[in-house]
Amino acid sequence: MSEAYDDSGTAKPPFRVIACLAVFGRLPLLEQTIKRLYQKNGVFRVICSGDQIADQKLCESLGAVWVYAPNKPLGAKWNKAFEAAKQYNPDACLFMGSSDWVSDNWLSEMCPLMDKYDLVGTPGCNFLHIGSGYDVCYWPGYVGRRENESIGIGRLISKRVLDLIQWKRFAGQLNSSLDYSMTHRCTKVAANIHLTHNTNIQSLSISTDKWTNHHKFSDCTTGRLPSIFKDNPIEWLENNFPEAFKVFQ
């Protein structure tokens with residue numbers, strides 16, 4: 001029931017999630033990322049941090065909030081987006097890269113866990129490479145000492161913990177190892193962290209031949225990141241992330 005029609009005043013307000021992104025170029029992909037977050041995932045706000053004028057114009061044209069931040073170090077850049085989220089009083093923030101997508105049902109499946117946990121994530125993700133065709137594989141996640149740590153894509157972190165860490169999710173000087181930095185900062189304030197093995201949700205990290213990518217798809221093809229390749233990538237994308245076909249239309 002909507003609050004506007006609740007005469008008794010007992011309706012529970014919607015769970016408010018803000019997506020925080022650090023962006024740098026890759027405008028055709030960034031456009032689809034922001035549109036998906038609003039139209040498919042239903043976030044309350046998308047906040048983008050960066051220092052490129054073209055990026056700012058695109059983000060603001062799509063309804064995203066723009067925050068200026070130098071491109072490096074990446075930890076400080078992402079922190080700016082999270083700090084800006086505080087003014088909107090979210091229940092949780094969603095950690096996303098500008099080339100990361102999560103399935104339409106991500107928040108409906110993940111948000112209920114936030115009643116009990118402070119940081120929720122999944123063990124692995126799918127990778128898509130757009131070249132002459134579309135190649136998709138699934139990477140199961142970290143192994144060894146980090147085996148029980150969630151990956152960064154789609155992590156939800158509660159307002160409770162964000163308040164404790166002053167809305168700075170990362171060590172500001174870092175350009176890499178951000179997943180671990182986030183986990184470490186939350187652990188230091190005794191956050192209740194949860195790794196969910198939910199097969200009903202999907203996440204996707206996208207690379208292309210058109211620009212330099214933070215993730216190299218060759219890590220999957222060479223076995224550096226042991227992955228399982230999908231036999232029918234086109235069908236899988238049509239069923240899960242059809243916007244992939246719009247990136248270079």
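1. Two strands pair if DSSP finds at least two bridges between them. Keep that rule in mind for the sheet described below. The model is predicted.

2. Start with the whole chain. The protein has 8 helices and 12 strands. Of its 249 residues, 51% count as buried. Take the contacts in the protein with a separation of 6 or more: residues 24 or more positions apart account for 75% of them.

3. Now the sheet. Five strands form an open sheet with mixed pairing. Their order is β5-β11-β7-β8-β12. Strands β5 (100-102) and β12 (228-229) stand at the edges. Each has a single partner strand, so one side of each is left without a neighbour in the sheet.

4. Strands β8 (residues 134-139) and β12 run antiparallel, and 2 bridges join them. Which residue of β12 is the bridge partner of Cys137? The partner is Phe229.

5. Helix α1 (residues 27-39) touches β5 and β11 (203-208). The direction of α1 makes about 25° with that of β5. Helix α8 (residues 233-240) also packs on the sheet, touching β7 (125-130), β8 and β11. The direction of α8 makes about 75° with that of β8.

6. Find Ser207 in strand β11. Is Ser207 buried or exposed? Buried means under 20% relative accessible area. Ser207 has 1% relative accessibility, so it counts as buried.

7. Next, Thr196. This residue is found in the loop between β10 (193-195) and β11. Thr196 counts as buried because its relative accessibility is 10%. Its contacts, leaving aside neighbours within four places in sequence, are Met110, Leu113, Val120, Gly121, Thr122 and Pro123. Consider Met110. In sequence, Thr196 and Met110 are 86 residues apart. In space they are 8.7 Å apart, C-alpha to C-alpha.

Conventions. Residues numbered from 1 in each chain as written. Predicted model: local features only at pLDDT ≥ 70, side-chain atom pairs only at ≥ 80, totals over all residues. Heavy atoms only, no water. Helix = DSSP H or I, 4+ residues; strand = E, 2+ residues; numbered from the N terminus. Contact = heavy atoms within 4.5 Å. Axes fitted to C-alpha atoms, helices over the stretch in contact; angles between N-to-C directions. Buried < 20%, exposed > 50% of the residue type's maximum accessible area, 1.4 Å probe, protein only.
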